[in-house]
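Subject: Structure handover

Hello,

Here is the structure I promised to pass on. Please open it before you read the notes below.

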Amino acid sequence: MRHVWRRWLLDGPLSRAITAQIFIALVALLTLSAADIPPDQRRSGYADLGTETKAMEDDDTANPGMLWVLDGEALWNAKTGSANKSCADCHGDAAQSMRGVAARYPAFDAKENRPVDLEERINLERRDRLKAPPLPFESRDLLALSAYIANQSRGLAVAPPDDPRLKPFIAQGRALFEARQGQIDMSCAQCHDDNWGKKLAGNIVPQGQPTGYPVYRLEWQSLGSLQRRLRNCIIGMRAEPYAYGSPEYVALETFLMQRAAGLKIETPGVRP
Amino acid sequence: MARALIKVPPKAKRGEVIEIKTLISHIMETGFRRDNVGKPIPRNIITQFTCTYNGEEVFRADLHPAIAANPFISFFTVATESGTIAFEWTGDNGFQETGSAKISVE
Amino acid sequence: MSIAMDPDRTGATRRELLLAGAAGIGAMLIRIAPAAASPATMQRAIRQVVGEAPIRKGKVTLDVPALVENGNSVALTIEVDSPMTAKDHVKAIHVFNEKNPLPDVISAHFGPRAGRAKMTTRFRLADTQTITAIAEMSDGTFWSASADVIVTLQACLENLD
């Protein structure tokens, strides 16, 4: 049977086109690597923006994300819950107490026995200290608070905690990042590790570094969380996205923040 | 809730041309989108932005649905005297928002 | 015969990335509203402002990116060469487009107190198209400039509709 295939391949009518395709696939296979981006080549999606979009992120009066940061400041100081306390009552001036926090999140929560992201930390604090109900995912208040808190780390380098308890979750995040999924049957790594810097539908493929979250995405015309962005990626691959708050997103974020170590936080970032 | 961000230089020399930047929180719903069951979402936009300098209009813009959400408008004015530079945004569904900044001109 | 069917293939080919992009583009095209303006509609809208007066080319600088990352928000800066005195100034700048559902974008009104006939805003573009800015001067003359903008689309969207 095999010699028939070989005859057809080498001499058949489509032989040249087929062998060319196989050759391209082989070259792609050989150049395909599951290797991480070397630290000196890591860069934020900011580097891939057009001049005007960069200017929009750089100017606090032009950056719509700052509207949410201001809202977050008001919420930080507002009394709430049956405890009738504010974040400020315990944490004081966020510029001091929250400085560096977003840069080292997600962090392991001993009581929950798993890592939690910043949004979940906010809701845990509300539950335990303010005796207030959780803020829904993607609600304006939760986005405003996480934007305000993350903004306090703007300019600081991503510093994932050196916590051995995070190791299995980082591994899970990496596995999710490298697994093929969806009808398109592609993995995150295939675009963001192997083809960053190249163009897709006219846009530059970024590395997928979560340095600006929550981010003002021009596509949303609104501020949104990393979970929302990851859902867009998953839908883009024609796969079923996990529900908001799923541990898969936290694992992914834990891995992504490790991968982004050293890059500066930009919250609120602006992205297409 | 933070509605607007304004940037006006706090000090200027008389006759100096200064730049003013404004950003307002607004969805600028075009009226051409449909919801997830196909029903048209009604238009909801800011239609006018006005800037006055000690009560006198120095800049005005008529906005259409083509203006992006969270409208950003920057423009220039001559620093004529100390006082208040005031802003007003009006639009559909009785939308009205105001802001102001003080300027010291020597 | 499709290379995608080959069970031995495990690497991503350029073809697959192009397909992924095309799928994204396909989804986006279905999303765009059907009603659209046209170059003729834009000319009518311009005539409504300008009347029968001739429109001269010049004095107006239209600064818009040639290639835009997302049509939802496009930076636009317009400047008109004018001394901005009481006798000689820009009265208004009107911006038009040819492929959005409506031809008008913004009309900005100036006077001698502006000091400089320059403004910046962000607007929406439904498709690759030409933008036109018309400056209305205090002496009743009209000047214009146009720019072509290419609008690209996002690969990873929220909705498939």
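This is a predicted model: local features need pLDDT of at least 70, side-chain atom pairs count only at pLDDT 80 or more; totals for chains, interfaces and linings use all residues.

Residues are numbered from 1 along each chain as its sequence is written, while chains are lettered from A and ligands numbered from 1 in the order in which they are written.

**Where the chains touch**

Eight residues of chain A are in contact with 10 residues of chain B. Contact means that the C-beta atoms, placed from the backbone, lie within 7 Å. On the chain B side, strands S1 (4-7) and S3 (17-24) each supply at least two residues. Helices (H or I, at least four residues) and strands (E, at least two) are DSSP runs, numbered from the N terminus. By class, this side of chain B has six nonpolar, two polar and two charged residues. Ala, Val, Leu, Ile, Met, Phe, Trp, Tyr, Cys and Pro count as nonpolar; Asp, Glu, Lys and Arg count as charged; the others, Gly among them, are polar.

**Helix pairs in chain A**

Two packed helices are described by the angle between their axes and the distance between the axes. Axes are lines fitted to C-alpha atoms, for helices over the stretch in contact, and angles run from 0 to 180 degrees between N-to-C directions.

Take H9(A) (residues 167-178) and H12(A) (residues 247-259). Their axes come within 7 Å and cross at roughly 95°. The two helices are therefore roughly perpendicular (65 to 115 degrees). The contact includes Phe169(A) and Ile170(A) of H9(A), and Ala251(A) and Leu252(A) of H12(A). Its residues divide into eight nonpolar, four polar and two charged.

Next come H7(A) (residues 118-130) and H8(A) (residues 140-151). They pack at about 110°, with their axes 10 Å apart. That makes H7(A) roughly perpendicular to H8(A). Leu118(A), Glu119(A) and Ile122(A) of H7(A) make the contact with Leu142(A), Leu145(A), Ser146(A), Ile149(A) and Ala150(A) of H8(A). Six of these residues are nonpolar, one is polar and one is charged.

**Strands in chain B**

Strands pair if DSSP finds at least two bridges between them. S4(B) (residues 46-53) and S7(B) (residues 83-91) run antiparallel, joined by seven bridges. Ile46(B) stands opposite Gly91(B) in S7(B). Nine bridges join S7(B) to S8(B) (residues 95-105), also antiparallel. Here Thr90(B) has Gln96(B) as its bridge partner. S7(B) and S8(B) form a hairpin with three residues between them. In the turn, Asn93(B) has a positive phi of about 60°.

Best wishes

How values were computed
Two residues are in contact if their C-beta atoms, placed from the backbone, lie within 7 Å. Angles under 35 degrees count as roughly parallel, over 145 as roughly antiparallel, 65 to 115 as roughly perpendicular and the rest as oblique.
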